[in-house]
Amino acid sequence: MEGEGNETLHPSCSASEPPYSEELLRSLDLPGKFLFAILTLMTLIADLVFIEEALYIYRKIPSSKRSIIIWVNAAAPVIATTSCIGMWIPRSTMFTDFTAAVFFAIVIHKFLLMMIKECGGQKLLLRRFENDRFKISTGPCCCCCLCLPRVRITRRTLFWLKLGTFQFAFLRPVLMFLSIVLWTNGIYTPYNLSPKGAAIWISCFVGVITIIALWPVGIMFQQVRTLLICKKIIPKFALYQFILILNHLQAAIINILAMQRVIPCAPPLSSSARGAYTIQQLLIMEMFLITLISRVVYRRRCDDLEPPECMAEEAGDNKQTPRIITNSAISKDGLPRV
């Protein structure tokens with residue numbers, strides 16, 4: 001019976017490589033072509049919305065924050081664009097997924113820098129929180145370790161927080177290059193998670209450095225979320241979390257289901273190729289919505305935030321400063337002029 005079942009199995013279901021784009025497009029029926037057209041149109045609209053938003057940010061936002069905010073806003077349209085390319089050209093999936101992952105690794109570092117910039121920069125942040133301490137018992141590393149001590153907010157601690165996100169922005173492209181080199185030699189296969197393959201070890205290492213990178217962002221957000229509530233930092237952080245979950249966790253779950261053949265083969269797509277195909281279509285729709293929401297959240301002029309202590313000290317200095325009467329304001333009888 002098993003031999004008969006294997007004979008009726010479509011050759012594409014056991015193929016190790018996704019089909020060529022011509023073969024995929026020929027297999028599409030009318031609803032499939034309509035879906036392709038709608039998803040491609042969503043990607044184009046997302047890119048146009050981002051370009052318009054980037055021009056707005058370039059005109060309205062101070063130059064010190066301009067590039068960082070544009071980088072953070074670009075996460076959703078870039079992921080939508082890479083997903084659309086992977087949908088049209090299935091054999092480019094590994095390259096498009098790696099490109100999106102590397103770009104978002106840089107965005108994680110930029111988001112941490114954006115929170116510091118929104119507080120007026122590193123100097124004003126240190127002045128504002130000079131007597132406070134960082135709560136490091138936050139996710140994803142230490143959310144359950146409530147016994148961890150609080151850390152003083154100094155230049156050194158800010159350096160370690162920046163280093164925690166920078167290492168991911170640096171190591172992720174290095175691992176991408178290594179994966180492509182191993183893939184050309186047949187050693188790296190994205191869907192081969194056996195202990196003898198390179199994919200499982202690279203994926204585990206990427207998971208570790210990802211968790212390390214997300215920890216500083218969570219620490220900084222817990223510290224500044226009350227101060228930056230007027231800058232809509234909570235919805236901005238929520239959008240950042242949504243992109244992270246959809247681009248990583250959702251993709252990992254669907255890939256696992258595809259490798260276990262829970263997602264069935266649909267010629268000319270094998271189970272693994274159909275899983276990647278499903279991820280790309282979902283990401284296009286999700287990133288399209290996030291792009292529209294980001295335009296609403298970031299659509300305001302961001303002025304530099306002055307810490308309350310600085311404003312109070314300046315007001316106190318103005319009250320205590322004595323008025324100096326110049327010679328020109330003194331009359332001949334020695335009395336000041338009114």
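No disulfides are counted in the structure, a disulfide being a pair of cysteine sulfur atoms within 2.5 Å. Cys 204 is partly exposed, with a relative accessible area of 43%, and Cys 230 is likewise partly exposed, at 42% (buried, under 20%; exposed, over 50%; partly exposed, in between; 1.4 Å probe, protein chains only). The model is predicted: local features need pLDDT of at least 70, side-chain atom pairs count only at pLDDT 80 or more, and totals for chains, interfaces and linings use all residues. Residues are numbered from 1 along each chain as its sequence is written, and side-chain values use heavy atoms, without hydrogens and water.

The largest pocket holds about 1300 Å³ of space (an open set of points on a 1 Å grid over the protein atoms alone, with protein on both sides within 12 Å along at least five of seven lines, a 1.4 Å probe fitting at each point; lining residues have an atom within 4 Å of a point). Its lining comprises 47 residues, with Asp 97, Phe 98, Arg 172, Ser 203 and Asn 255 nearest the centre. By class, 28 of the lining residues are nonpolar, 15 polar and four charged.

The second largest pocket holds about 210 Å³ of space. Phe 134, Ile 136, Val 151, Thr 157, Trp 160, Leu 161, Gly 164, Ile 212, Trp 215, Pro 216 and Ile 219 line this second pocket.

Note on methods. Grid points are joined across faces, edges and corners, and a volume is the space filled by probe spheres set on the points. Ala, Val, Leu, Ile, Met, Phe, Trp, Tyr, Cys and Pro count as nonpolar, Asp, Glu, Lys and Arg as charged, and the others, Gly among them, as polar.
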